[in-house]
Amino acid sequence: MHIDGIGFWSPGIPDWAALTHVIESGVAAQSDANARPSPNALPPTERRRAPEPVLLACEAAGQACAMAGRDASALACVFTSTHGDLAITDAMCATLAADPRELSPTRFHNSVHNAPSGYWTVAAHCHAAATAISAAQASFAAGLLEAAIEVHADNDAVLLSAYDIAARGPLAEVAPSTQAFAIAFVLSAERSERSLARLSIQTVQQRASSTSETPSLLAPLEGNPMAAQVMPLLIALGRREASSVTITSGAETSLRIEVTP
């Protein structure tokens with residue numbers, strides 16, 4: 001399949017162009033721990049009240065659709081996250097422990113794993129299929145494989161959005177994540193004038209190597225579980241070189257991804 005559009009967001013690196021600049025130039029980005037994405041895909045009222053995972057996922061998804069020149073309302077989508085909304089989960093657990101009667105219906109509504117895909121499809125007026133996935137440390141691989149299957153099953157483009165936020169409270173001990181991160185791809189079966197790279201994926205019966213070749217300037221991103229999973233692929237794409245990367249897809253399996261510019 002082919003990548004026709006890429007969206008990216010993390011504190012200090014607000015889009016794919018900024019990330020490729022860091023990869024190519026070796027110049028550090030100006031990190032801002034308080035930065036928050038502001039996705040144009042969401043109406044202003046939704047941007048103000050939406051939780052952080054929704055903002056992240058929709059910002060990256062909107063960037064990818066814009067780069068690909070695709071109408072978001074017509075794209076099937078796959079949203080994947082390692083942990084979902086850790087901030088709301090922490091707040092709900094604290095409320096349940098202290099006074100369950102004070103649990104907020106709004107927070108519960110936003111705590112479900114498919115909240116970002118729901119916000120996205122409503123804002124984009126999208127009636128195509130929407131899938132929300134979580135598979136622990138294989139969440140990106142699971143999302144990529146699902147998107148690839150849909151691309152070829154329907155012979156149409158699919159939007160993939162992957163994201164995680166920083167952990168809060170006691171959950172940080174069991175679900176460590178130190179900062180926000182989101183990446184999105186528009187994937188298609190056929191090459192077009194907008195295609196940035198070709199991906200060929202294969203499931204292999206082996207663990208992915210734990211050896212990281214992440215440039216030191218991008219090493220802080222690996223504090224986010226989704227970034228750690230997808231980083232080998234992002235570096236290969238950013239360098240615009242033919243390469244082969246392997247990412248974890250299960251306890252004893254991996255996805256081998258051949259990248260061709």
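Me: How far is the sulfur of Cys-65 from the closest cysteine sulfur?
Reply: This is a predicted model, in which local features need pLDDT of at least 70 and side-chain atom pairs count only at pLDDT 80 or more, while totals for chains, interfaces and linings use all residues. Residues are numbered from 1 along each chain as its sequence is written, and side-chain values use heavy atoms, with hydrogens and water left out. The structure holds zero disulfides, a disulfide being a pair of cysteine sulfur atoms within 2.5 Å. For Cys-65 the closest cysteine sulfur is in Cys-77, too far for a bond, at 8.9 Å.

Me: What is the relative accessible area of Cys-65?
Reply: The classes are buried for under 20% relative accessible area, exposed for over 50%, and partly exposed in between, with a 1.4 Å probe and protein chains only. Cys-93 is partly exposed at 45%, whereas Cys-65 is buried, with a value of 4%.

Me: At what angle do helix α1 and helix α9 pack?
Reply: Helices (H or I, at least four residues) and strands (E, at least two) are DSSP runs numbered from the N terminus, and axes are lines fitted to C-alpha atoms, for helices over the stretch in contact, with angles from 0 to 180 degrees between N-to-C directions. The axes of α1 (residues 16–25) and α9 (residues 225–239) lie 9 Å apart, and the packing angle is about 80°.

Me: Which word describes how α1 is oriented to α9?
Reply: Under 35 degrees counts as roughly parallel, over 145 as roughly antiparallel, 65 to 115 as roughly perpendicular, and the rest as oblique. Since the helices pack at an angle of about 80°, α1 is, relative to α9, roughly perpendicular.

Me: Which residues of α9 make the contact with α1?
Reply: Contact means heavy atoms within 4.5 Å. On the side of α1 the contact is made by Trp-16, Leu-19, Thr-20, Ile-23 and Glu-24. From α9 come Leu-234, Ile-235, Leu-237, Gly-238 and Arg-239.

Me: What is the centre-to-centre distance of the aromatic pair of Phe-8 and Phe-181?
Reply: Rings of Phe, Tyr and Trp (its six-membered ring) pair if their centres lie within 6.5 Å, and planes under 30 degrees apart count as stacked, over 60 as edge-to-face and the rest as tilted. A search of the whole structure finds two such pairs. Phe-8 and Phe-181 are both buried, and their rings are edge-to-face with 85° between the planes and a centre-to-centre distance of 5.3 Å.

Me: Which helix holds Phe-140, the partner of Phe-185?
Reply: Phe-140 and Phe-185 form an edge-to-face pair, 6.4 Å centre to centre with 65° between the planes, and both are buried. Phe-185 lies in strand β5, so the pair ties together parts that are 45 residues apart in sequence, with Phe-140 in helix α7 (residues 139–154).

Me: What is the phi of Asn-155?
Reply: Most residues other than glycine have a negative phi. Asn-155 is found in the loop between α7 and β4, where it counts as exposed at 54% relative accessibility. Its phi is positive, near 50°.

Me: How far apart are the C-alpha atoms of Asp-156 and Ala-76?
Reply: Asp-156 is found in the loop between α7 and β4 (158–164) and counts as partly exposed at 38% relative accessibility. Leaving aside neighbours within four places in sequence, Asp-156 is in contact with Arg-70, Val-151 and Leu-187. Although Asp-156 and Ala-76 are 80 residues apart along the chain, their C-alpha atoms are separated by 8.6 Å.
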